[in-house]
Amino acid sequence: MTTISKNDQLFERAQKTTPGGVNSPVRAFRSVGGTPRFITRAEGPYFWDADGKRYIDYIGSWGPAIVGHAHPEVVKAVQEAATRGLSFGAPTEGEIEMAEEIVRLVPSLEQVRLVSSGTEATMSALRLARGATGRDKIVKFEGCYHGHADSLLVKAGSGLLTFGNPTSAGVPEDFVKHTLVLDYNNVQQIEEAFANFGDEIACVIVEPVAGNMNLIKASVPFLQALRELCTKHGALLIFDEVMCGFRVALGGAQELYGIKPDLTALGKVIGGGLPVAAFGGSTALMSKMSPVGAVYQAGTLSGNPVAVAAGMTTLKLIQQPGFYDQLSASAARLAAGLTAAAKEAHVAFCADSVGGMFGLYFSVTPPNNYAEMMAGDRERFNKFFHAMLDEGVYFAPAAFEAGFVSIQHSDEVIDETIAAARRVFAKL
Ligand code: PMP
């Protein structure tokens, strides 16, 4: 008699009361197949599933766990905050400290508003951009994900300069008819878009290091073109740094590239594992937000004191000397080690990293845009994913996602991963 694993039991049970058994789609392993692992606890670079198996975790809650799971100082801050009350719906000093810290660290920010998810941050930034410019049209790039607000769930239309089609049922055509979807890293297309619609475009929203079509770096000329065209045409440039903020560098991609957006969306790391996100920009722009200005936005749990305690402690920890050097070195060590292991086994594979983010590609060179990413060998990725899972290494369960290291991913942990990959590549 075969015994059914605890993960299998839980997955079966979960599907009875939760659609697909999960509370966020990618967790269901639909792309890679098989049974999702139900996590029972996590510590440092590891987590354990319901069957007691340990994994080296390379998703880090999809970004937040930059100091490692259950960091003692973060846990202590959360416990202390919790004893003082869980939520007040009235302002706290902690929120001021958090805003001051974020504004000090992120080059373009003078003011921020705290929210509870990246989706809220980008949705609100978009509303502010439209409110501030009095324009409706927005530009986004194929493969960039900015949360699930209606006007952002859109893919390219039939022609280059036709407006987009919804990527989700339930999004009215009317909501996306103002969204123009262009190719990432394509300067000519964005020039054409502004030449055609320059005085109607409220904003351009972009992941300056894309992490939702695997990892794709923006080229410097591409980001420069966005900056120049927005300025020239009175549109606002929004950097969605929900993923790459405090991840590719302390000051985010805007520090790395030396390009200042008008608005920035943040999330993930700034909550340290609890729900905190933010959007911000200049004081002049942010003064258009309610209650000072006419752009409405609010949240029952915005600036939640327990979440802010986790976030603030995380923001302190990442400012320790050498933090980003070590984080970047770990991700680079992983990328180089995996690439070398694949080469030994003659597998067409490469890997890349920026700061603490990395990409694994079953292609000869890293992709530059969505179409190139989609051309990678996904079947092979899926085999690799499952074989690594068996080896106790948890990579993102889809070929379309970036990976993350934490500061607790020591050389030993990375080398253990590379050794496992060497065994796996030999069998692929
Ligand atoms: N923007 C980016 C770049 C993201 O990666 C994500 C989430 N992965 C979001 C926005 C949405 O954030 P959340 O899931 O917290 O709503």
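1. Helices (H or I, at least four residues) and strands (E, at least two) are taken here as DSSP runs, numbered from the N terminus. This is a predicted model, in which local features need pLDDT of at least 70 and side-chain atom pairs count only at pLDDT 80 or more, while totals for chains, interfaces and linings use all residues. Residues are numbered from 1 along each chain as its sequence is written.

2. Ligand shell. The ligand is surrounded by 16 residues, of which S117, G118, T119, G147 and V242 are the closest; a residue is near a molecule if its C-beta atom, placed from the backbone, lies within 6 Å of it. Helix α4 (residues 118-133) supplies the largest share of this shell, three residues. By type, the shell holds five nonpolar, nine polar and two charged residues. Here Ala, Val, Leu, Ile, Met, Phe, Trp, Tyr, Cys and Pro count as nonpolar, Asp, Glu, Lys and Arg as charged, and the others, Gly among them, as polar.

3. Helix α4. The expected span of a helix is 1.5 Å times one less than its number of residues. The 16 residues of α4 should therefore span 22 Å, and this agrees with its end C-alpha atoms, which are 22 Å apart. Buried residues in α4 include G118, E120, L128, A129 and A132. A residue is buried if 20 or more other C-beta atoms lie within 10 Å of its own, exposed if 12 or fewer, and partly exposed in between, with C-beta atoms placed from the backbone. Just after α4, G134 has a positive phi of about 70 degrees.

4. Nonpolar core. Such a core is a set of buried Ala, Val, Leu, Ile, Met, Phe, Trp, Tyr and Cys residues joined through C-beta atoms within 7 Å. The largest one has 132 residues, and A129, C203, V204, L236, I238, A278 and M357 touch the most other members. Its largest share, eight residues, comes from helix α11 (residues 323-344). Beyond its neighbours within four places in sequence, L236 contacts A129, A132, T133, A202, C203, C230, D262 and L263.

5. Domains. The chain is divided into domain 1 (6-66 + 321-427) and domain 2 (72-317), with bounds from an automatic or database domain assignment. Their C-alpha centres lie 26 Å apart. In domain 1, 24 residues are in contact with 26 residues of domain 2, contact being C-beta atoms, placed from the backbone, within 7 Å. On the side of domain 1 that touches domain 2, β16 gives the most, with four residues. That side divides into 15 nonpolar, seven polar and two charged residues.

Definitions and conventions. Contact = placed C-beta atoms within 7 Å.
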